[in-house]
Amino acid sequence: MEYTASEQRYETMKYRRVGKSGLLFPVLSLGFWHNFGTNDNYENMKAMCFTAFDHGVTQFDLANNYGPEYGSAESNLGRIMREELHAYRDELLITTKAGYDMWPGPYGDHGSRKYLIASLDQSLKRMGLEYADIFYHHRMDPDTPLEETMLALDQIVRSGKALYVGISNYDGVHMKQAAEILEDLKCPFVINQNRYNIFDRTVENNGLLEAAKEKGKGVIAFSPLAQGMLTDKYIDGIPEDSRIKRDGRFLHASDLTETRMQQIKSLNEIAKRRGQTLAQMALSWILKDETVASVLIGASRPQQILDNLKIVDAPAFTTEELEEIEAVCRA
């Protein structure tokens, strides 16, 4: 039986304007970095997409090499779109990226015009879409002139293969340079995607947050839970079903130092006083800044999405709570 979306899907979600653009993001967006690959359960993927969309999560975030295997997250989304969600295409923001390793040889990585345009063509075929809502350059490439990369993004929009463009993993200086090039071209550059969480303040330190405000661009944060450290999962040890045990590529047992574990426990106590889980507080903390248009959540099952959605009506942070969080992080 084909999926029919909930008629109440827009009643509870909150949306934020993306910089000075006309685009709105849900405060929570669903990322396909993990759990949408070749070896993952397709019925579970569908259930997560349906749960998200039924609650107003309109943005699905992908990249060319999400998997594993490379391309499989896009292929699985393409199947879901074709079989279940095709009627809702115009209600969804489907985003993808290129900039990291994708195929062998000199033209399957980094920031060249050849790589970006070819990669998006491949992505659209895998997803069965005529266009992406946002296409990102996935990382800074010091060996390709920034003008070449930005001109490629501009051509992609002019060709109708993307509606907007974004950049990911840029610092403030290069983001401003990119913005100026794209402004001259009148290309709709709207969003920066960067890692940001209570433990990782890179965007505060490299000028990205400040530059985004100055240039009127939005920010969307990934890894908001620090690969699971900003949850209660590891408070009593490393579970057998945890990402550390199952994957080990992005979070290692050695990351959970004695100091880090004490910080996690202290933050968990602050969250409890707020009536939140640690994960919910970590998501809410990122959204305290209006420049952040959305937070990307990853999920392995629908219930995690429902738990995260509880932050939509979370109480604002008091000055005392923010100061306490900062003191914990400095400890």
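**Note on the predicted barrel model**

1. Serine 29 stands opposite leucine 296 in E10, in a model that is predicted. E3 and E10 run parallel and are joined by three bridges; two strands count as paired if DSSP finds at least two bridges between them. Element labels follow DSSP runs numbered from the N terminus, with helices (H or I) of at least four residues and strands (E) of at least two.

2. Basis of the note. Residues are numbered from 1 along each chain as its sequence is written, and side-chain values use heavy atoms, with hydrogens and water left out. In this predicted model local features need pLDDT of at least 70 and side-chain atom pairs count only at pLDDT 80 or more, while totals for chains, interfaces and linings use all residues.

3. Confidence. The average pLDDT of the chain is 95, and 94% of the residues score at least 70; pLDDT is the predictor's confidence in each residue, from 0 to 100.

4. Strand E3. From E3 (residues 28-31), Leu28 and Leu30 point one way, Ser29 and Gly31 point the other way, and all are buried. Buried denotes under 20% relative accessible area, exposed over 50% and partly exposed in between, with a 1.4 Å probe and protein chains only. E3 also pairs with E4 in the parallel sense, over two bridges, and glycine 31 stands opposite aspartate 61 in E4. The chain crosses from E3 through H1 to E4 in a right-handed β-α-β crossover, that is, with the strands pointing away from the viewer, the path from the first strand over the helix to the second runs clockwise.

5. The barrel. Eight strands form a closed barrel in the order E3-E4-E5-E6-E7-E8-E9-E10, with parallel pairing. From one strand to the next the twist averages 30 degrees; axes are lines fitted to C-alpha atoms, for helices over the stretch in contact, and angles run from 0 to 180 degrees between N-to-C directions. Four bridges link strand E5 (residues 93-98) to E6 in the parallel sense, and threonine 96 has phenylalanine 135 as its bridge partner in E6. Helix H5 (residues 172-185) lies across strands E7 (162-168) and E8 (189-195), at about 160 degrees to E8.

6. Two loop residues. Threonine 58 lies in the loop between helix H1 (42-54) and strand E4 (59-61) and is buried, at a relative accessible area of 7%. Its contacts (heavy atoms within 4.5 Å), not counting residues up to four places away in sequence, are Tyr10, Tyr15, Pro26, Phe53, Glu91, Leu92 and Leu93. Alanine 299 is in the loop between strand E10 (292-297) and helix H11 (302-309), and is buried at 2% relative accessibility. With residues up to four places away again not counted, alanine 299 touches His34, Asn35, Met48, Gln304 and Ile305.

7. Helix H9. The 16 residues of H9 (residues 258-273) reach 23 Å from first C-alpha to last, close to the 22 Å expected at 1.5 Å a residue; the expected span is 1.5 Å times one less than the number of residues. Its buried residues are Met261, Gln263, Ile264, Leu267, Asn268, Ile270 and Ala271, and these pack against helix H10 (278-286) and helix H12 (319-330).
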